[in-house]
Amino acid sequence: MNHVLVVGGTGAMGRHVVQRLLATTDATVTVPTRRPESAHAAALAATAPDRVRLVRSAPATLEALIGQVDRVFANTDFFATGSAVGEYRQGLHLLAAAERAGVERFIWSSLDSAVSLTGRPVPHFDSKAAVAAHIGLVRSEEMLRKETDGWYTDHVSILTTAPYFENLRDRLTPRPDGQGGLAFKLPLGAAHYPLVALDDIAWFTCHMFDNWQSWGARDLAVIGKTASPATRSPPPSPRSRAPPAPTSRCRTTNCAPQCPTSATTTQRCSSSSPTVISAPETGTSTSCAACTPP
Ligand SMILES: NC(=O)c1ccc[n+]([C@@H]2O[C@H](COP(=O)([O-])OP(=O)(O)OC[C@H]3O[C@@H](n4cnc5c(N)ncnc54)[C@H](OP(=O)(O)O)[C@@H]3O)[C@@H](O)[C@H]2O)c1
């Protein structure tokens, strides 16, 4: 039986990882939290009281917990420190503690480096990416030194994710577009917006843990779908001001909030039957056939 520490385990991402670990393995799961008595923490523990251990914790006290487990999934919370350097240091601290403790499998939950890819800093992306870069740097050192069991090479994997589809439901809720439809708006410009479902992050996390040898501690970057930028139609001519045909807009509120494509385009969904976007097992990411780009 494995003992897994899930850093951020009461949060949006970590909670899905904990629940999948509980559903698909016999592992015990330790979850650090600032408030074990909070409703979200208590609800998580109640799903499997004999296998979930909530521990009141701050980042500085995680080292003791790391010494009690053989696997770690670490999704640190940038917003708790509010500092790119702060989260970077927290990540390095966790890694160093895990190496000292001889943790068998450590997954660092990362994001792409916005500043490297675009030249524009996004602190909560860049801090996680800096930790991933550190992992790569130490692997290089281990290779140079011909270490036979370089801990960063053999016992650390990086899972790079992306903004959640669920943000479109919870934080970027659709608003009436004034034409009888609902629209998500994001300042994308010509860029694309990669998204991933929380269930899929959990799926890949467990897959990496369970297939460590076949992965050879390699890293993985996952997204479920990339939302396209808006393509606005020219303003209608006076003759074409009639209301749009019923089939040219989304009629169901069940459909629109789940549809990542309609979030960022002016396309309208005409389908009331969402179809599944390729997702590994859970198929939780849904979109509408009518507004999925070719
Ligand atoms: N939102 C997205 O689309 C997205 C996508 C990919 C990555 N991320 C990254 O994910 C991170 C946030 O995780 P989340 O999305 O799961 O958010 P969340 O739901 O706000 O969860 C934050 C988690 O961090 C924990 N935490 C914060 N400070 C802590 C402390 N001092 N000691 C112990 N635990 C602490 C919280 O625990 P308690 O509240 O129980 O103390 C909670 O489990 C951010 O760094 C963000 O950049 C977000």
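Visitor: Which residue stands opposite Val4?

Guide: Strands of a sheet pair through backbone hydrogen bonds, either parallel or antiparallel. Here Val4 stands opposite Val29 in β2. β1 and β2 pair in the parallel sense over three bridges. Two strands count as paired if DSSP finds at least two bridges between them. Strands (E, at least two residues) and helices (H or I, at least four) are DSSP runs, numbered from the N terminus.

Visitor: What should I know about the model and its numbering?

Guide: This is a predicted model: local features need pLDDT of at least 70, side-chain atom pairs count only at pLDDT 80 or more, and totals for chains, interfaces and linings use all residues. Residues are numbered from 1 along each chain as its sequence is written.

Visitor: In what order do the strands of the open sheet lie?

Guide: The order is β3-β2-β1-β4-β5-β6-β10, seven strands with parallel pairing. β3 (52-56) and β10 (220-221) are the edge strands, as each pairs on one side only.

Visitor: Which residues of α5 are buried?

Guide: An α-helix has 3.6 residues a turn, so residues three or four places apart point the same way. A residue is buried if 20 or more other C-beta atoms lie within 10 Å of its own, exposed if 12 or fewer, and partly exposed in between; C-beta atoms are placed from the backbone. In α5 the buried residues are Ala84, Glu87, Tyr88, Gln90, Gly91, Leu94, Leu95 and Ala98. They cover an arc of only 160 degrees around the axis, so they sit on the same side of α5. The arc is taken from the directions from the helix axis to the C-beta atoms. The face turned away from that buried side carries the exposed Val85, Ala96 and Arg100.

Visitor: What covers the buried residues of α5?

Guide: The cover includes β1 (3-7), β4 (71-74) and α7 (123-144). After α5 comes Gly102, with a positive phi near 70 degrees.

Visitor: Where is Leu172 found, and which residues does Leu172 touch?

Guide: Leu172 is in the loop between α9 (167-170) and β7 (175-176). With 16 other C-beta atoms within 10 Å, Leu172 is partly exposed. Not counting residues up to four places away in sequence, Leu172 touches Asn167, Phe184 and Leu186. Contact means C-beta atoms, placed from the backbone, within 7 Å.

Visitor: Which residues come nearest to the ligand?

Guide: Of the 26 residues around the ligand, Gly11, Thr33, Arg34, Asp77 and Ala80 come nearest. A residue is near a molecule if its C-beta atom, placed from the backbone, lies within 6 Å of it. α1 (12-24), β2 (28-33) and α4 (78-81) each supply at least two residues of this shell.

Definitions and conventions
Two residues are in contact if their C-beta atoms, placed from the backbone, lie within 7 Å.
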